[in-house]
Amino acid sequence: MNELQLLTWVRGTGLNIAVGLFLFGVFWRLIEIYGLGRKRDLSAPRYAQGASGLHTVFRRSLPPPGMLARSPASYIGGYVFHLGLLVVVVFFAPHIKLIGDLTGLSWPGLPSRFVDFTAVLTLVAMLVVLADRMTKPLKRFLSTFEDWFTWGVTFLPVLTGWMAVQHLLLPYTTMLALHILSVEVLLVVLPFSKLFHAFAVFGSRWFNGAVNGHKGVPV
Amino acid sequence: MSASLEKGVSVLKEMIDAPIASYFSSCVHCGLCAEACLFYTETGDPKYTPIHKLEPLRRIYEQEYTLLGRLAKWTGLSKPVTDDELEDWKELVYNSCTMCGRCSLVCPVGNDIVYMVRKLREGMAVSGHAPEGIVGATQRTITVGSPMGVKLPAVKAQMKHVEDETGIPIPLDVEGAEYMVLLSSMEIMNFPEYLSAIARIMRQAGKTWTLCSTAFEATNSGIQIGVSDLAKVIVSRIVEGAERLKVRTVISPECGHAYTALRWEGANLIGRPYDFTVKHILEVLDEFRADDLIRTEGVEEGRLTFHDPCQLVRRGGVFEQPRHLMKMVAEDFVEMPDAGKFNWCCGGGGGASAIEEGEALRLKAFQRKKAQLEATGATTLVTACANCRIVLEEGLEHYQMAIPVVGLTETIADHLVEDRVA
């Protein structure tokens, strides 16, 4: 298989398999988790302003008092790479075109130089959180194979995408094929790993907010 | 697999619901929960990371409720939970967790970690891996009637003592009283001033109240150890007593876990809503204050600060009331850093104070409270939980800090304008 054939495969069959597994996986996991249900709370509720599931979904995006100082790498690194991923995935013109071709949806992109810069920033932030995980005894203690693996699976699409655009290391066609392939690996891994927090985070925050909101505590 | 382990695992399987599945599916191992836990911040030992304390429960979730986990279990690739492992986890689930819930407040993906610790304890207790100290306390509550072995005659002796001291009759088993007052055995044994304070406050407020001979004890170590069956027996006594006496409101004493047990878990344990309301004594006092039923004069000397009991504030939603009441009796009232829902635990909640072998760790963790106190420069520490109070006293003594610890209810009572009887 030469690079053109590889590119054709990852753009066709490969993409179909990956998207199929991704959609199946997400659907399966959502049923698996939320199908378990929960018991109704029979205690008399206490009402308090700002205490609800929905409040917590938003509120928990900000660091609670004192926490930023205790773990700056987690928060700053975390913000930069999550927002960075959002920008490069959703606002890079070629991505918008791809999504447009598949779904008919379209929106304005951001200038490619800005996206380029964001990609580099994202890569740096991801390296910082990796270094933090490797050097901080607490994080190293908690880390399992899955933590290192999912870091790699998230890092590679950004790295290969940026390198393809910059025409670095390998011919554009090859790098683009590798980029798409790495995205496909990410799509398949996401539902069945900790990366599923991309979906479950909303349910978790909501449950926490609702359970404690019942007691009148805005969490 | 031993019979008890099998039972424990099956209890844990039953405990797992959508929130728990969602929480485990969201965790990214960021370790921020550790930064919120005084057992980690004061020791620096990563094994005290709250989410790590749940590892046995996580594995059971994965092996029983996820596609890949079931596949791994079926092919023998995953490690089953063993008795030895649960025994090792005892220290993490009980000694080094006071169920204070601070971790649940900081988790960036929103995991309610303490919710899961509460559930894991159910499996730990059933499989025989709960600490002696809490097992004993629970047994005594079931057989004798209270965790410290206090029986009705001891309560009656204290009633007599308070009647002699205050000249106010202490009502027992009065049908149709507005309030039924509960005590914690800590108050019966160590802090008799609580009952005396109640008698004086109720007289001034002009309210009818009663103690109940079949339900005087409020603490519920069934909740702390994690045995819902026993917790249900204990809470049912109170429900039956309150319904027999047809009271409108049951007052939970200055005890944090008693409040959680009765206010939030009780109805779920007995499987129906109550016919009466449950209030913490501070909620009742604040209502009396707002309705101008109690009036105080004079203030406490020196600088006062208030320790928020976790179960009352962060886990119970009673936040404003103690502030209002403190201002009635303190001219110089200062808040600790992190006061309110982010307050740090005394280190002895969740049954931890009953675990002898956990004492050294508890005292180490107390450094957090020590630092908070030092930041205020307070000369008196006020709280509203008899268990916090004992743990605070022990910690202060250990670190040779001469700060008296008092209950808020008795402090209010000390300043009542006694001639103003409604």
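User: How do I read the angle between two helices?

Analyst: Angles under 35 degrees count as roughly parallel, over 145 as roughly antiparallel, 65 to 115 as roughly perpendicular and the rest as oblique. They run from 0 to 180 degrees between N-to-C directions, and axes are lines fitted to C-alpha atoms, for helices over the stretch in contact. Helices are DSSP runs (H or I, at least four residues), as strands are (E, at least two), numbered from the N terminus. This is a predicted model, where local features need pLDDT of at least 70, side-chain atom pairs count only at pLDDT 80 or more, and totals for chains, interfaces and linings use all residues. Residues are numbered from 1 along each chain as written, and chains are lettered from A and ligands numbered from 1 in written order.

User: At what angle do H7(A) and H9(A) cross?

Analyst: Helix H7 (residues 112-135) and helix H9 (residues 145-166) of chain A cross at roughly 155°, and their axes come within 10 Å. H7(A) and H9(A) are therefore roughly antiparallel to each other.

User: Which residues of H7(A) and H9(A) meet?

Analyst: Contact means that C-beta atoms, placed from the backbone, lie within 7 Å. Leu123(A) and Met126(A) are among those on H7(A); Trp151(A) and Phe155(A) are among those on H9(A). By class, this contact has 11 nonpolar, two polar and three charged residues. Ala, Val, Leu, Ile, Met, Phe, Trp, Tyr, Cys and Pro count as nonpolar, Asp, Glu, Lys and Arg as charged, and the others, Gly among them, as polar.

User: At what angle do H1(B) and H5(B) pack?

Analyst: Helix H1 (residues 3-15) and helix H5 (residues 55-65) of chain B pack at about 75°, with axes 10 Å apart. H1(B) and H5(B) are therefore roughly perpendicular to each other. Val9(B), Leu12(B) and Lys13(B) of H1(B) meet Leu57(B), Ile60(B) and Glu64(B) of H5(B). Four of the contact residues are nonpolar, none polar and two charged.

User: How many residues of chain A are in contact with chain B?

Analyst: 46 residues of chain A are in contact with 47 residues of chain B. H11(A) gives the largest share of chain A's side, nine residues. That side has 22 nonpolar, 12 polar and 12 charged residues.

User: What does the domain assignment give for chain B?

Analyst: Domain bounds come from an automatic or database assignment. For chain B it gives domain 1 (3-130), domain 2 (138-289) and domain 3 (295-414). The centres of domain 1 and domain 3 of chain B, taken over C-alpha atoms, are 30 Å apart.

Technical notes
Contact = placed C-beta atoms within 7 Å.
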